[in-house]
Amino acid sequence: MFLSEFAILRLTIGSLAIGFGIPGNMIIIAVFTQQSISNATDVAFIALAVVDLVGSVISGVKIAAVFFHDEHPWACFFEVVGSRSPLFASLLLTTSIAAYRYRAVCNPFGKRVGRRAAAWLSLTCTIFAFAVHVPFFFITTSQKLGREYGCNVYGNIVWVQNVYARSQAVLFCASALPVTVLYTLILKHIRHHQVIRREILSDTAVPEPIPKMKSAGAVYSISKSVKMTPTSPDQAPTDDFADNVEPIPPHPSGEKEPPSRQIVDKARSGPRNIPRSDHKTTQMLIIITAVFFLLWLPSVVLDQLSFAQIRHISATIPNGTFMLYFLYQVKYISHITNLFVYIAVNRRFRDNCKKLLLGRVKSS
């Protein structure tokens, strides 16, 4: 049987979804479930992995659709659910993760969203994303394009494309803009703390001994930029994927530490290693978010074009039909990439994956 380049592309994406997307997202869910789910961000990560798992399963259906896609639109129904519903859900969850992260880093002692509230919010976003696309099951049709069948998602109703395509673009931009602003503020906040940390740990920035107070009501501040950290475990903010803090070596002379070194040690080994752990976690989230938006952007842009414009572009560009189809299908890769980003950036996730896999191997 001769397979066209379009069929080969669908087979490739379906094979990647089955080979990496489905087991990868199952590993993400298992790792987050077995470790302590301490905040709303962890709940949103699990919800995002569930959405990507559903998207990967539906992408795997493309393998069957290559061989059995005909004039009946059953394969197009999977195409609709697999392309638009996870997009809407992932946009809402990605925005929620950015908001949770902003509060955790920039306002660690403020009131946060609890785990139960985050679970309900994630479930609501996911159900809304899938429910809003139910009408596609009644208007989507299958039509023959040359030697193959394709999906006419909007049927023959022109205003449906205007409503859904425009709303998709609005939601995409409305999510990308605040997410960019939030992560910019987070990075600015982290860099500010890194500057303070370098000043405290440098030899020239060691504070002088505290002078005697002239009056009982006087209060002496060591530095305007040094903030006291909580000593109670209940008050200390938790950090997603927090790295282990390096131990502080003892004083070479074995004598009691001077007050200046005690201050430096507290800044270095406090209950929350702000510059290191926050920077690693934020870096991971920025990579995940950037990959998601970049992979989905071509599809969102193409949805704004009419069929006449798409035909014109296809005829103008060499091999334009396949190029446009490739740009439209590349969004499905976003359901696969998160596992590789977690493994590459986060040490704690790598360790938990090893423990999970080795535990399963030993138990079997």
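This is a predicted model: local features need pLDDT of at least 70, side-chain atom pairs count only at pLDDT 80 or more; totals for chains, interfaces and linings use all residues.

**Entry 1: Asp52**

I started with aspartate 52, which lies in helix α2, residues 40-68. Helices here are DSSP runs of H or I with at least four residues, numbered from the N terminus. Residues are numbered from 1 along each chain as its sequence is written, and side-chain values use heavy atoms, with hydrogens and water left out.

Is aspartate 52 buried or exposed? I got a relative accessible area of 3%, so aspartate 52 is buried. My cut-offs: buried is under 20% relative accessible area, exposed is over 50%, and partly exposed is in between (1.4 Å probe, protein chains only).

Next I listed what aspartate 52 touches, skipping residues up to four places away in sequence: Asn25, Ser90, Ser334, His335 and Asn338. Contact means heavy atoms within 4.5 Å. Two of these partners also showed up in my side-chain search. A polar contact of 3.1 Å links the side chains of aspartate 52 and histidine 335, and one of 3.2 Å links those of aspartate 52 and asparagine 338. For a polar contact I took a pair of N or O atoms within 3.5 Å; within protein, one must be able to donate a hydrogen and the other to accept it, and residues adjacent in sequence count only if both atoms are side-chain atoms.

A polar atom of the serine 59 side chain lies 2.8 Å from the backbone oxygen of glycine 55. Beyond four places in sequence, serine 59 is in contact with Gly14, Ala17, Tyr332 and His335.

Then I moved to threonine 126 in helix α5. Threonine 126 is buried, with a relative accessible area of 18%. The threonine 126 side chain reaches the backbone oxygen of serine 122 at 2.9 Å. Leaving aside neighbours within four places in sequence, I found threonine 126 in contact with Val51, Ala89 and Leu93.

**Entry 2: the nonpolar side**

Which residues touch the most other members of the largest nonpolar core? Of its 47 residues, they are Met284, Tyr342 and Phe349. α2 gives the most to this core, with 10 residues. I defined a nonpolar core as a set of buried Ala, Val, Leu, Ile, Met, Phe, Trp, Tyr and Cys residues joined through side-chain atoms within 4.5 Å.

I zoomed in on tyrosine 342: not counting residues up to four places away in sequence, it touches Ile28, Phe32, Phe45, Met284, Ile288 and Phe349. A second, separate core has 8 residues, including Phe136, Ile139, Val160 and Ala165.

In α12, I found Asn338, Leu339, Val341, Tyr342 and Val345 buried. They cover an arc of only 165 degrees around the axis, so they sit on the same side of α12. The arc is that of the directions from the helix axis to the C-beta atoms.

**Entry 3: cysteines**

How many disulfides does the structure hold? I counted 0, taking a disulfide as a pair of cysteine sulfur atoms within 2.5 Å. Cysteine 125 is buried at 10% relative accessible area, and cysteine 353 is buried at 9%.

Technical notes:
Helices (H or I, at least four residues) and strands (E, at least two) are DSSP runs, numbered from the N terminus.
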